[in-house]
Each structure stands twice: as structure tokens, then as C-alpha cells.
Protein chains: 2
Amino acid sequence: MDYSVSEKFRNLKPSAIREIFKSLGAAGSISFAAGNPNPDSFPVEEMRGLADEIFGKEAVTALQYGITEGYAPLRKLVAERLKRVYGIGTPDDDLIIVTGGQQGIELTCKVMCNEGDVVLCENPSFIGALNAFRSLGARPVGVPLDGDGINLEELENALKNNKNVKFLYTIPTFQNPAGITTSLEKRKAVLKLAEKYGILILEDNPYGDLRFTGEDVPTYKSMDTEGRVIYCGSFSKVLSAGMRIGFLSANKELISKIVVAKQVEDVHTNVFFQMICAKYIERYDLEAHIAEIREMYRRKAGLMIGALEEFMPKEVGFTRPEGGIFLWCSLPEKLSLSEFVRRAGEKNVFVVPGTAFSTDPEEESHSFRLNYSMPSDEEIGQGIKILADIAREMLAEA
Amino acid sequence: MDYSVSEKFRNLKPSAIREIFKSLGAAGSISFAAGNPNPDSFPVEEMRGLADEIFGKEAVTALQYGITEGYAPLRKLVAERLKRVYGIGTPDDDLIIVTGGQQGIELTCKVMCNEGDVVLCENPSFIGALNAFRSLGARPVGVPLDGDGINLEELENALKNNKNVKFLYTIPTFQNPAGITTSLEKRKAVLKLAEKYGILILEDNPYGDLRFTGEDVPTYKSMDTEGRVIYCGSFSKVLSAGMRIGFLSANKELISKIVVAKQVEDVHTNVFFQMICAKYIERYDLEAHIAEIREMYRRKAGLMIGALEEFMPKEVGFTRPEGGIFLWCSLPEKLSLSEFVRRAGEKNVFVVPGTAFSTDPEEESHSFRLNYSMPSDEEIGQGIKILADIAREMLAEA
């Protein structure tokens with residue numbers, strides 16, 4: 001049969017990263033391609049005890065339909081933590097539990113954008129968000145990312161030159177893929193531009209809890225006095241990614257629309273794991289748990305940066321993230337990224353080429369993303385050495 | 001701030017049913033308004049044991065990111081059961097796990113429909129599906145439902161009179177809200193019309209396992225030789241609704257597009273509960289468990305039908321479902337539905353007015369939906385007596 005799928009889906013491809021992810025796992029391979037948290041960050045034994053307790057005492061609540069807004073005790077606990085840790089939440093704000101941050105991003109666009117509306121994005125940006133916007137007929141327009149965040153001049157140009165810009169999608173802290181954190185000055189300037197041009201900001205902060213060096217920078221949402229910022233958070237990187245629990249904090253009026261959008265998408269998020277999260281926060285010390293994850297990632301990021309400094313030819317640049325799970329390497333322009341990625345794959349080392357994160361799929365890239373949360377300490381050293389050898393080999397040939 | 005939400009969401013309201021559901025639970029109230037399975041249908045102790053085993057032996061698989069298509073052992077087990085029980089699945093078909101049947105419905109529309117495309121629906125129909133279509137800019141067009149399924153003449157008229165009809169959305173077995181099952185003759189005729197006019201069929205079958213009297217009617221999908229039918233199923237009514245696990249079986253090409261759509265919506269469905277479902281099917285006798293649920297609902301439906309026959313004035317019509325969880329009552333046209341629902345609410349008996357299920361929100365209705373899976377046996381008798389008294393009272397006044 002000839003299936004006439006919608007225009008939006010005709011050309012939409014599966015995420016290159018998730019496709020790479022599927023082909024991994026061969027013995028002896030070293031993957032820097034993942035976006036996964038290290039499984040040591042899952043509090044398995046605590047969850048096991050809580051699960052048994054829920055099945056013993058509150059099974060009906062956990063297994064029956066729940067309300068779309070989310071499990072009330074979890075909504076309260078998340079709102080309290082956002083206020084305490086990030087200064088987020090005003091009396092005009094509300095909070096909804098979503099099926100992972102991905103759903104928070106998708107629902108925001110679904111509620112805000114008509115077909116053809118523009119979403120401004122850092123370039124490079126998170127492929128899952130870019131494809132979510134495309135899947136809804138919105139048009140992601142990229143703005144170059146500098147070392148301290150989005151380029152302000154280019155942002156204002158994009159605001160001037162595009163009609164129907166609805167919001168800026170940004171990952172201001174430990175950005176995916178670049179590992180960059182937007183400076184406070186830049187955040188203030190971006191907020192002013194958003195105000196001047198009347199757009200919203202979708203602040204995606206899945207890695208914000210994972211700072212292992214430097215000082216916290218205030219979130220956009222904490223500086224927002226007008227209800228202009230929609231804040232998207234997640235438990236994926238601190239409790240479990242597979243359970244799919246995230247949240248959105250925004251003005252009540254927007255959240256009420258997002259509730260309607262979520263109701264027709266999946267009715268509500270898995271109740272049992274919403275209860276697991278709530279009970280974990282009530283019973284255990286989430287901040288101490290996060291501190292342990294930070295320590296692990298500080299070590300792994302340090303090993304990777306150390307290996308890059310020691311082995312990588314100086315022609316290859318890389319970012320030095322202060323948190324999160326990624327860093328971003330850039331080859332000199334004379335080297336072919338696809339050739340580099342091919343040779344790395346032949347040696348069983350996997351990275352994600354920068355093209356996967358570009359707002360313009362036709363754009364050339366010389367960069368690639370490295371993940372340090374998943375590989376073992378040994379794999380980090382070995383893998384970077386292999387990548388450095390390939391870079392040196394290609395430089396000699398060039 | 002003035003939020004300029006998308007045109008599609010400007011007028012979309014939360015489901016009236018879920019709003020009614022939120023206000024329930026006052027002591028002494030009797031609710032026939034739910035769409036919930038009876039909690040006695042949740043195999044709590046079995047799940048408790050399986051959960052402990054998963055946390056003990058396979059915690060990392062359960063808590064880490066999974067693949068969008070779903071947990072492979074569950075996909076295989078569901079495909080095998082669909083083949084064995086329903087004759088569903090050809091070598092050209094594939095299966096994806098979704099976050100409840102609701103997501104299966106929404107994703108199908110998202111992948112198939114451009115804005116303005118038409119989805120034909122039984123009238124009345126499941127409000128969650130109608131709103132999902134509206135939320136994507138598709139236009140649900142209602143076709144009247146007769147006692148043996150959709151009206152064929154009106155279906156053909158709708159196919160002739162509407163441009164860009166993409167698919168027919170149907171709940172052929174124990175329909176929500178009407179409790180009606182489409183006859184085999186009608187299913188064959190509908191398939192022929194779909195072929196003649198080149199549309200797909202989205203067969204939603206959340207209640208199919210719950211037949212308690214009469215003979216099974218073949219699913220559309222089992223009679224589909226062309227890849228024209230997309231089949232949506234769910235574990236919500238047989239294992240747990242709150243876990244949000246459903247599935248779609250359709251032609252490979254369509255499933256591959258639906259995978260892309262799901263990836264940008266929630267990446268994948270909660271892995272832990274996909275594993276719970278798979279292990280439950282492997283370890284226990286799902287068919288025996290379903291047989292127990294059927295027995296419970298046979299009793300409850302029998303009590304409700306018995307009470308309606310005994311107490312309800314003969315001017316009030318009602319359907320006699322052979323399975324599922326709903327029946328459908330119709331007041332004589334001279335009685336006001338809203339007045340009836342108001343008086344019932346005053347006596348703490350809750351029903352869902354038919355207006356909530358209409359494809360045309362402006363359409364007048366004289367019908368209401370009764371659920372028998374949730375109320376206790378005693379509540380069924382008491383509640384129907386109260387409704388019958390109100391009907392008699394209103395008939396005397398008319």
C-alpha cells in the first residue's frame with residue numbers, strides 16, 4: 001500500500017544518536033556516543049525498598065489511572081525543591097509532571113506553535129528537541145553558540161529577520177552537545193531581548209544538578225518576573241532515565257493548556273514511578289545522592305580532559321565543561337569529520353558527529369560530541385588515545 | 001502576560017470526564033462516571049514479586065534509557081499473543097510499545113494527518129481520541145452509530161462528502177461510550193468501503209479481552225490483507241491502567257514513522273513496567289487472569305442490566321453490552337439530559353452526559369454513559385434505583 005504520511009513526517013528521520021546507540025555494545029568497543037547517565041547513579045536498593053512498600057500499602061493508587069497534572073505529593077516536592085535550589089516558582093506559576101523532559105519540550109511547542117512558526121535554537125542543539133519542533137510543523141532556526149552562550153548579535157538578527165518567532169529553546173547550563181554554560185551577563189541580555197521582541201524562553205535544564213566545578217549561574221526562570229520562561233527539568237540524570245519522569249514549571253495559564261495537551265498524548269505519566277520519586281525525596285537525601293554523582297562525573301570529566309590535554313594534537317579544540325555529561329571537540333577545518341568518525345568506528349571507538357546536532361541538516365561540521373558519563377575510567381583513557389592517534393594520522397596526511 | 005497559544009489549543013478544553021473524575025470520591029457518592037478498570041483486576045502480589053526480582057537482577061536495564069520501539073521481549077510476547085488470540089500480524093507487520101493506547105491513537109494521527117485532514121469517527125466516540133485529533137489540527141467528523149456498529153450509508157456519505165479523509169477511527173468491540181459491538185457483516189462492509197475510498201482504519205480495542213457473553217467477532221486487523229488497518233491495544237484494562245502500557249500493530253512502514261514520532265514525544269515508554277508485563281506473561285497465566293476479570297464484569301454488568309430492567313421506566317432505553325465496562329442509556333427526547341444529570345448529582349449519583357462524547361460539541365444529546373466496572377455490587381443496585389426514580393419523577397412532570 002502507498003501510505004500518504006503527513007508532510008511533517010515524510011522527511012523526518014530517526015535520531016542519528018539513538019540509531020548509533022542501537023548498534024553499540026559489541027565486545028571491546030568504546031562508546032563516547034551515549035547521552036545516558038552512568039547506571040551507578042541509579043539508587044537501586046532504595047527504589048527496591050520503596051517499590052515493595054508501594055505494592056504493599058498503596059498498590060491501587062500506583063496502578064490505577066491518575067490525574068494528568070501528576071501525583072500531587074511529587075508536584076509539591078518538586079516545586080519546593082525548585083524554589084529551594086533554583087529560586088524558581090512564583091504564586092502565578094504551576095507545575096506539571098511529564099513523561100521525561102522530552103515530553104515537556106514537545107508539549108511546549110505543541111501548545112505554542114502554529115505550523116510554520118519559528119523556534120530559535122542554539123546551534124548546535126539537542127537533536128531530540130529540534131526533531132520535536134519539526135514533527136509539529138514548527139521551524140527551528142539556529143543561532144550560533146559562543147563559548148559563553150548564544151551569540152547575542154546573531155540572536156537579535158534572528159529576532160529581526162524571522163516572523164512568528166514563538167520562543168527561544170535553550171539549554172543554558174552544560175549544554176547538549178557543547179558542554180557550554182551561558183554566562184549570567186548573557187542570560188540577562190537574552191531575557192531583555194526576549195522582552196523586547198515579545199518571545200518566550202523554554203529553558204531546558206536536564207543537567208543543571210550536575211555541576212562539579214565553578215559557581216552556579218542563576219536560571220532564566222529565577223530571573224523571570226513576567227511569566228516569560230517555561231522551565232523544563234528531569235529526574236533522568238539523577239534517579240533513572242528509563243522511568244521517564246520530568247516536569248515543567250511555568251505560568252498557570254500555560255500549564256493549564258499543557259495539561260490539555262498531555263491529556264490527549266498519554267493521559268498521565270506512570271504513577272508508580274512518580275510515587276517512587278516522591279518517596280525517595282521524602283525518605284532519602286537527594287542532595288547527598290546528587291553530590292555523589294557530581295563527584296563521579298568530576299572524576300570522569302577530569303580523566304577525559306586530562307587525556308585530551310595529554311594526547312590530542314593541539315590543532316583539535318575542545319570545551320572544558322563545569323558539569324553535565326558532554327564535551328565538544330572541534331577538528332581543524334582541513335580535516336574531514338566523516339572520515340575521522342569512520343576511522344574511529346573502525347577502531348571500535350564511537351563519537352557523535354556534530355552534523356547530528358545542527359539546526360541545518362545540510363550544514364558542514366568539524367565537531368563531534370564526547371560523553372564521559374558512560375565509559376569506564378579505563379575506556380576514557382584508551383578511547384581518547386585512539387582518537388588522538390587518528391587525528392595525528394589525518395593531520396600528517398593533510 | 002498575554003500568551004498567544006496555538007490555534008489548535010485556543011479552544012481545546014480538558015476532557016469533561018476527567019474533570020468529573022477529579023471532583024468525585026465524596027463519602028456516600030455513587031459514581032457510574034469512571035472509565036477505570038476495577039482495582040481487583042490488578043495482579044498486585046505477582047507484580048510485587050516481579051518488581052523485586054527486576055530490582056535484584058536487572059535494575060540497570062529497567063532504569064536506563066531503552067529503545068523507542070519498546071522492550072524486545074515484550075514486543076515479541078505481545079505479537080505472539082495478538083497472533084494466537086486475535087489472528088493479528090503478518091510478515092509485513094511490526095509492533096511498537098506505546099505509553100498507553102491514548103499515545104497510540106495520537107501518534108497515528110500525528111504521522112498520518114496534515115492540518116485540516118479528516119478523521120471519520122463513530123458518533124458518539126471516545127473523547128480522548130476526538131481531542132487528540134483536534135489537538136493535531138485534524139478534523140473529527142462523526143458518523144452515527146447504530147445498534148450493530150457504524151451506519152454504513154452515512155459512512156459512505158461522509159466518505160463522498162469530505163475531502164482528505166485519512167482514516168476511520170473505530171472502537172468496534174464494546175464501544176466507548178455506547179457498549180456496542182460492530183457485527184461481522186458490518187466489519188466486512190466497512191473494510192470494503194475503506195478500500196473503495198482509499199482510507200486507513202485505526203482499530204482501537206482496549207476492551208476486546210473483556211467479553212463475558214456471546215461470541216468473539218474477528219478484529220478488522222485479522223481480516224486486513226492490505227496493511228490498511230492499524231491496531232491499537234492496551235494492558236490498561238487487564239493488568240494496570242496507571243502504568244501506561246499499550247501497543248500498536250501495523251505495517252512496518254507505518255510503524256517506522258510512528259517510531260520517529262514517539263522518539264520526539266517521550267523517547268520510549270517506562271522500561272520497568274514493560275519488563276513487568278513481559279515477565280507476567282512469561283511466568284503467569286494471563287488468559288486465566290483475564291477470565292477472572294470477565295467473570296467479575298459479567299456479574300457487575302448483569303447486576304446493572306437487571307436493575308435497569310427492574311426499576312427504570314420503559315421509556316428509557318439502554319444497550320446490553322456483551323463485554324467491556326460501559327453501557328449507554330437514552331432518555332426520551334422530551335426529558336432534558338442536563339436536568340437529569342443535575343438531579344442525579346444532587347443525589348450523589350454521577351453519570352457522564354452524552355454531550356461529552358459527541359463529535360459535534362454543539363449537538364444535543366439525550367443519552368448518558370454508565371460504568372459498571374468501578375462501583376460495588378451494592379452501589380450498582382442503589383444507584384440505578386436513584387436514577388430510575390429521577391427518570392420517573394421527570395416523566396411525571398413532562
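Copies are superposed by least squares on the C-alpha atoms of residues with pLDDT of at least 70 in both. A rotation of 180° with 0.0 Å of shift along its axis brings chain B onto chain A, with an RMSD of 0.0 Å. The two copies are thus related as by a two-fold rotation axis.

This is a predicted model, in which local features need pLDDT of at least 70 and side-chain atom pairs count only at pLDDT 80 or more, while totals for chains, interfaces and linings use all residues. Residues are numbered from 1 along each chain as its sequence is written, and chains are lettered from A in the order in which they are written.

The domain assignment, which is automatic or from a database, divides chain A as follows. Contact means that C-beta atoms, placed from the backbone, lie within 7 Å.

The centres of domain 1 and domain 2 of chain A, taken over C-alpha atoms, are 25 Å apart.

In chain B, helix α3 (residues 44-57) packs against helix α11 (residues 271-283) at an angle of about 120°, with the axes 10 Å apart. Helices are DSSP runs (H or I, at least four residues) numbered from the N terminus. Axes are lines fitted to C-alpha atoms over the stretch in contact, and angles run from 0 to 180 degrees between N-to-C directions. The contact includes B:Leu50 of α3(B) and B:Phe272 of α11(B).

How values were computed:
Helices (H or I, at least four residues) and strands (E, at least two) are DSSP runs, numbered from the N terminus. Two residues are in contact if their C-beta atoms, placed from the backbone, lie within 7 Å.
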